[in-house]
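The exercises below are meant to be worked through with the sequence and the model side by side. Please try each task before reading its solution.

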Amino acid sequence: AALLASPAAQALLREQILRAGPPLARLLLAGAAGAQPDARVPDIAEPLGALLRVGGPPALAWVSAAVSAVPAVALQPGDQQMFLGVSAVLANAAGSGGDAEQAEFEGALFRFADLCRRNGRARVAAQQALLPPELAGVAV
């Protein structure tokens, strides 16, 4: 914790997050959408929530872009907005989001996962939409 209290460490962490954030956000969401087992959704919620808290508004933009790419067969616009609303709470917390916010985010991620996994067609469509461009063409 003392290391992260240093301004230099915080600047370095933020720089690395800004560099690696967009594909990381997409991969974490793809994991929740079905690339990882259901039991791993809590394990995905923690780093994705941390990415939103540390990355702030840019991280919310990455998550928003990824979620908006998921076709309606997997995620309806209202479901997208619900998930993004909860994500915005963490992104706007600027590193201070507490346990209640994280728990609400985890619940929203479970709902996102359930919707994307409701059938094979939805799961494949969501995973393909969430793959970073670097992984385009990879079979899911």
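A residue is called buried under 20% relative accessible area, exposed over 50% and partly exposed in between, computed with a 1.4 Å probe on protein chains only. This is a predicted model, in which local features need pLDDT of at least 70 and side-chain atom pairs count only at pLDDT 80 or more, while totals for chains, interfaces and linings use all residues. Residues are numbered from 1 along each chain as its sequence is written, and side-chain values use heavy atoms, with hydrogens and water left out.

**Exercise 1. Decide whether Q128 and Q102 are buried, partly exposed or exposed.**

Solution. Begin with Q128, which lies in helix α6; its relative accessible area is 48%, so Q128 is partly exposed. Across the sequence, Q128 is 95 residues from A33, and their C-alpha atoms are 9.9 Å apart in space. Next take Q102, which lies in helix α5; its relative accessibility is 15%, and Q102 therefore counts as buried. If residues up to four places away in sequence are not counted, Q102 touches A45, E46, G49, R53 and L90, where contact means heavy atoms within 4.5 Å. For the chain as a whole, buried residues make up 42% of the 140 residues.

**Exercise 2. List the secondary structure elements of the chain.**

Solution. Helices (H or I, at least four residues) and strands (E, at least two) are DSSP runs, numbered from the N terminus. Counting them gives 6 helices and 0 strands, and the order from the N terminus is α-α-α-α-α-α. Among the contacts with a separation of 6 or more, 72% come from residues 24 or more positions apart.

**Exercise 3. Describe how helices α2 and α6 are arranged.**

Solution. Axes are lines fitted to C-alpha atoms, for helices over the stretch in contact, and angles run from 0 to 180 degrees between N-to-C directions. Helix α2 (residues 7-35) packs against helix α6 (residues 120-130) at about 170 degrees, and their axes are 9 Å apart. Angles under 35 degrees count as roughly parallel, over 145 as roughly antiparallel, 65 to 115 as roughly perpendicular and the rest as oblique; α2 and α6 are therefore roughly antiparallel. On the α2 side R26, L29, A30, A33, G34 and A35 take part, and they meet R123, A126, Q127, A129 and L130 of α6.

**Exercise 4. Find the aromatic pairs and characterise the one formed by F83 and F105.**

Solution. Rings of Phe, Tyr and Trp (its six-membered ring) pair if their centres lie within 6.5 Å, and planes under 30 degrees apart count as stacked, over 60 as edge-to-face and the rest as tilted. The structure holds 2 aromatic pairs. In one of them, F83 and F105 are 5.7 Å apart centre to centre with 40 degrees between their planes, a tilted pair. This pair links distant parts of the chain, since F83 belongs to helix α4 (residues 77-91) and F105 to helix α5 (residues 99-116), 22 residues apart. F83 is buried at 0% relative accessibility, and F105 is buried with a relative accessible area of 0%. Ring pairs join F83, F105 and F112 into a cluster.

**Exercise 5. Which residues have the most contacts inside the largest nonpolar core?**

Solution. A nonpolar core is a set of buried Ala, Val, Leu, Ile, Met, Phe, Trp, Tyr and Cys residues joined through side-chain atoms within 4.5 Å. The largest such core has 38 residues, and L29, V63, F83, L109 and F112 have the most contacts inside it. Two or more residues each come from α2, α3 (41-68), α4, α5 and α6, with α3 giving the largest share, 12 residues. Apart from neighbours within four places in sequence, L109 is in contact with L29, A32, V41, I44, A45, L48 and F83.
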